[in-house]
Amino acid sequence: MATLTSAEVQVLDPYAFLAVLGKRVIHPGGRASTDRLLAVADVQHRERVLDIGCGVGTTAIRLARECGAEVVAADIAPLMRERAVANVAAARLKDSVQVQDADILALPYPVDSFDVVVAEAVTMFVSRPRAAAELVRVTRPGGRVLATEFYWRRPPTAEARQVFLGEVCPGLRFDSIEEWARIYREAGLIDVETSSGPFDMMTARGFLVDEGAHAITVMAKAMSRLAYLRKMAWLMPRMSRAVPYLGYVLVMAGKPEHAPQDSA
Ligand SMILES: C[S@@+](CC[C@H](N)C(=O)[O-])C[C@H]1O[C@@H](n2cnc3c(N)ncnc32)[C@H](O)[C@@H]1O
């Protein structure tokens with residue numbers, strides 16, 4: 001994998017930076033929310049699953065390994081796809097997980113392509129209604145859509161909001177659980193349910209739970225270069241100011257068997 005210059009490291013978004021450090025779980029709900037997502041999705045052997053915004057491929061690998069799914073793991077960022085390809089190869093799952101280039105706002109797949117569509121921490125980076133509409137379009141009638149997003153678990157202070165949305169993740173858009181449910185309902189999904197929890201991924205406890213023994217490798221990588229240490233020194237104090245106010249919401253919903261006009 002190409003080594004980034006120090007200047008390139010400094011401008012990485014936090015998620016790409018964590019991927020460069022080798023972190024495997026890179027979404028607000030951590031491993032716990034993916035466990036719940038997999039339990040609810042109830043993916044069957046050989047079902048076709050799209051994991052859009054797949055990052056380094058961790059959930060795609062779980063879908064193939066634990067459920068026997070045929071997975072398309074797609075992401076807009078070459079850096080993420082490069083790592084996903086390497087992780088899929090290391091997991092010996094190249095026949096079950098195809099890593100592809102795709103934008104959640106214009107998915108390169110025909111209507112009704114997938115049994116299950118997963119988007120963990122992606123929709124909030126873009127126009128949320130447009131992204132939700134695309135997720136629904138490529139899901140087959142009767143299929144399932146599952147998405148993990150940030151939300152404000154309690155009203156943030158002006159400082160926490162500014163630090164997180166103004167400095168750490170500029171451009172991110174999210175608010176309440178009800179708002180997320182409304183976006184997916186208005187995109188045409190039914191039986192919309194949500195489950196939520198704290199944003200533990202960037203706490204010491206969450207880091208250890210999510211990464212297990214691999215946490216040592218991530219820490220060693222973080223300490224291996226001055227550019228990484230500088231980036232950590234910038235990121236971590238800002239994150240810790242926002243963490244108490246942030247949570248994750250998992251949205252779980254279904255695409256109707258028949259389009260609304262069919263039943264008219
Ligand atoms: C917070 S990370 C989550 C990665 C992965 N889903 C996970 O949970 O580990 C967000 C991911 O969304 C990808 N992404 C951002 N905008 C996207 C878009 N318009 N289309 C597809 N992927 C996008 C980023 O490249 C990044 O890999």
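## Contacts with the ligand

A nitrogen atom of the ligand sits 2.9 Å from a polar backbone atom of Glu-120. The protein covers 92% of the 590 Å² of accessible area that the ligand has on its own. The model shown here is predicted.

In Gly-53, a backbone N or O atom lies 2.5 Å from a ligand nitrogen atom. In Asp-103, the atom concerned is a polar one of the side chain, and it lies 2.9 Å from a nitrogen atom of the ligand.

## The shell around the ligand

There are 18 residues around the ligand. His-27, Gly-53, Asp-75, Ile-104 and Glu-120 come nearest. By type, the shell divides into twelve nonpolar, three polar and three charged residues.

The side chain of His-27 makes a polar contact with the side chain of Glu-120, at 3.3 Å. His-27 belongs to the loop between α2 (14–20) and α3. Is His-27 buried or exposed? His-27 has a relative accessible area of 5%. The cut-off for buried is under 20%, so His-27 counts as buried.

## Strand β2 and its two neighbors

Strand β2 covers residues 70–75. Five of its six residues are buried, so the strand is mostly covered. Strand β2 pairs with two other strands, β1 and β3.

Strand β1 spans residues 48–52. Five bridges join β1 to β2, and the two run parallel. Within this pairing, Asp-51 has Ala-73 of β2 as its bridge partner. Strand β3 spans residues 97–101. Five bridges join β2 to β3, again with the strands parallel. Here Ala-73 has Val-99 of β3 as its bridge partner.

## Helices that link the strands

From β2 the chain then crosses through helix α5, residues 78–90, to β3. This β-α-β crossover is right-handed.

## Two loop residues with positive phi

Arg-46 has a phi near 70 degrees, a positive value in a residue other than glycine. Arg-46 is found in the loop between α3 (30–41) and β1. The relative accessibility of Arg-46 is 56%. The cut-off for exposed is over 50%, so Arg-46 counts as exposed.

Ala-121 is another residue other than glycine with a positive phi, near 60 degrees. Ala-121 lies in the loop between β4 (114–120) and α6 (128–138). Is Ala-121 buried or exposed? Ala-121 has a relative accessible area of 10%. That value is under the 20% cut-off, so Ala-121 is buried.

Definitions and conventions. Residues are numbered from 1 along each chain as its sequence is written. This is a predicted model: local features need pLDDT of at least 70, side-chain atom pairs count only at pLDDT 80 or more; totals for chains, interfaces and linings use all residues. Side-chain values use heavy atoms; hydrogens and water are left out. Buried means under 20% relative accessible area, exposed over 50%, partly exposed in between (1.4 Å probe, protein chains only). Helices (H or I, at least four residues) and strands (E, at least two) are DSSP runs, numbered from the N terminus. Two strands pair if DSSP finds at least two bridges between them. A crossover is right-handed if, with the strands pointing away from the viewer, the path from the first strand over the helix to the second runs clockwise. A residue is near a molecule or strand if one of its heavy atoms lies within 4 Å of it. A polar contact is a pair of N or O atoms within 3.5 Å; within protein, one must be able to donate a hydrogen and the other to accept it, and residues adjacent in sequence count only if both atoms are side-chain atoms. Accessible areas come from the Shrake-Rupley method with a 1.4 Å probe; for residues, only the protein chains shown count as cover. Ala, Val, Leu, Ile, Met, Phe, Trp, Tyr, Cys and Pro count as nonpolar, Asp, Glu, Lys and Arg as charged, and the others, Gly among them, as polar.
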